[in-house]
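Please open the model in a viewer and keep the selection panel at hand.

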Amino acid sequence: MKYSQLFGKTQRQEPRDETSVNAKLLIRAGFISKEVSGVYNFLPLGLRVLNKISQIVREEMDAAGGQELLLSALQDKDNWQKTGRWGTFDALFKVKSRYDFEYALGPTHEEVLVPLVSQFVSSYRDLPLSLYQIQVKFRDEPRAKAGLLRGREFLMKDLYSFHCDEKDLMRYYEEMKKVYMKVFKRVGLEAVETEAAGGTFSKFSHEYQVVCESGEDEIIYCPGGDYSQNVEIAVAKEGQQCRLGHGPLKRVKTIEVGNIFPLKDKFSKVFNLNYKDKSGKDHLVMMGCYGIGISRTMGAIVEVCHDDHGIVWPSSVSPFDVHLVHIEDPGTESWAKETYNKLTKAGIEVLWDDREDVSAGEKFADADLIGIPVRIVVSKKVGEGKVEVKKRNEKKTEIVSVSALNKIVLI
Ligand code: ATP
Ligand code: MG
């Protein structure tokens, strides 16, 4: 992709109406643009990141037996009244039709999926079942000042699992805990699995928390990795010794990037989601739900992975693999083109800064701001047949021959 043709450009000025690091950097680097408070447009660079995160999540959900579907965003008010949440879900957007209807604008999808599943599941043979979607959610959040971390419109993966009994639900729940740790590791985040309250229907839930000063949550955890609780419920105290001898527990600010709940029969009861066992006896289906904030994860990555010059994307979610900077000098155009073609042919995604009349300094500053993990420079100074390679998170540069490039970049 040629940078000169890319829709969305970097800007030097910080946006005046943003306070969060993720929104400031993502707007300045040309990934997102603010529509209204808590609502963002994703420009081509931003969408590439969102799609990479979604794809990692999708691969892991598929591997855990999930089947992807896409549920409606406009939802039946009657079903929300049946669960009682029409009146109690504070952040629910209610949409009035010009005809006589009213809808819920989906903040979560139990009210759609459980009645839907009850149309198809009737026997123990239909279970277990695991369904998920990656979809835009809407919540009328009171505070929406943290950029992608708390949107009024945001992208979420929500998976729902259906089981014959609690034992099978908990088996899957434990499996999903491992899947979640894998997902966050793959997107470049170190998540802390944290015990939290479960709300009205379960004693506990688990949150996936990323340690970060700008986070809204707080956890008390053992850096040795055996204990973590959200402070809202925590029984342990900061400084108390870990029982396994890892030292004192720490209290830190965090961002919740995922949350899993054993729902049990809370929603099956309301919508009569039953199945017949082998002897023909009816039972309620047991459920779990498992969310990941895809756009929040993107924001969390920026909060954790940046420096004074810009974003530092983990390679798995970077919009491109390589940022090719061509420093204009007569006779060097063909060198840049050759490098671009060679990398592209090898399956490497390249953003090629081909702009004319832009100084080398500006191009380097933009490369740092955008944050692609590898920068490659083609210039007269470096010479024909050679390029300068620099990793975004390292200071050192290396001169390599174009013929050896694939090896270096693919590592
Ligand atoms: P929070 O406690 O942060 O308000 P939640 O517990 O209400 O979130 P869930 O309903 O469990 O969130 O949603 C699953 C995931 O969706 C969360 O773990 C989070 O990553 C993401 N998420 C929730 N609300 C938002 C939001 N307003 N903006 C962006 N992501 C969100
Ligand atoms: Mg939560």
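Select domain 1 (3–307) and domain 2 (322–410) and colour them separately; their C-alpha centres lie 38 Å apart. These bounds come from an automatic or database domain assignment. The contact between them takes 14 residues from domain 1 and twelve residues from domain 2, where contact means heavy atoms within 4.5 Å.

The model is predicted: local features need pLDDT of at least 70 and side-chain atom pairs pLDDT 80 or more, whereas totals for chains, interfaces and linings use all residues. Residues are numbered from 1 along each chain as its sequence is written, chains are lettered from A and ligands numbered from 1 in the order in which they are written, and side-chain values use heavy atoms, without hydrogens and water.

**Ligand 1**

Next, select ligand 1 and the residues near it (a heavy atom within 4 Å). The shell holds 15 residues, and the closest are Arg139, Glu141, Arg150, Gly151 and Glu256. Which strand gives the most to this shell? It is S13, with four residues; strands S8 (153–163), S13 (250–264) and S16 (286–293) each supply at least two. Strands are DSSP runs of E of at least two residues and helices runs of H or I of at least four, numbered from the N terminus.

Now display the polar contacts, pairs of N or O atoms within 3.5 Å. Each of the following reaches an oxygen atom of ligand 1:

- glutamate 256, through a polar side-chain atom at 2.5 Å;
- arginine 150, through a polar side-chain atom at 2.9 Å;
- glycine 293, through a backbone N or O atom at 3.2 Å.

The protein covers 83% of the 580 Å² of accessible area that ligand 1 has on its own (Shrake-Rupley method, 1.4 Å probe).

**Helix H1**

Move to helix H1 (residues 21–28), which is largely enclosed by the rest of the structure because six of its eight residues are buried. Buried means under 20% relative accessible area, with a 1.4 Å probe and protein chains only. The buried residues are Asn22, Ala23, Leu25, Leu26, Ile27 and Arg28. Their cover includes strands S1 (32–36) and S2 (39–42) and helices H8 (294–304) and H10 (360–370). After H1 comes glycine 30, with a positive phi near 85°.

**Aspartate 368**

Finally, follow helix H10 to aspartate 368. Is this residue buried or exposed? Aspartate 368 is buried, with a relative accessible area of 18%. Leaving aside residues up to four places away in sequence, aspartate 368 touches His309, Gly310, Ile311 and Arg392.

Terms used. Buried means under 20% relative accessible area, exposed over 50%, partly exposed in between (1.4 Å probe, protein chains only). A polar contact is a pair of N or O atoms within 3.5 Å; within protein, one must be able to donate a hydrogen and the other to accept it, and residues adjacent in sequence count only if both atoms are side-chain atoms.
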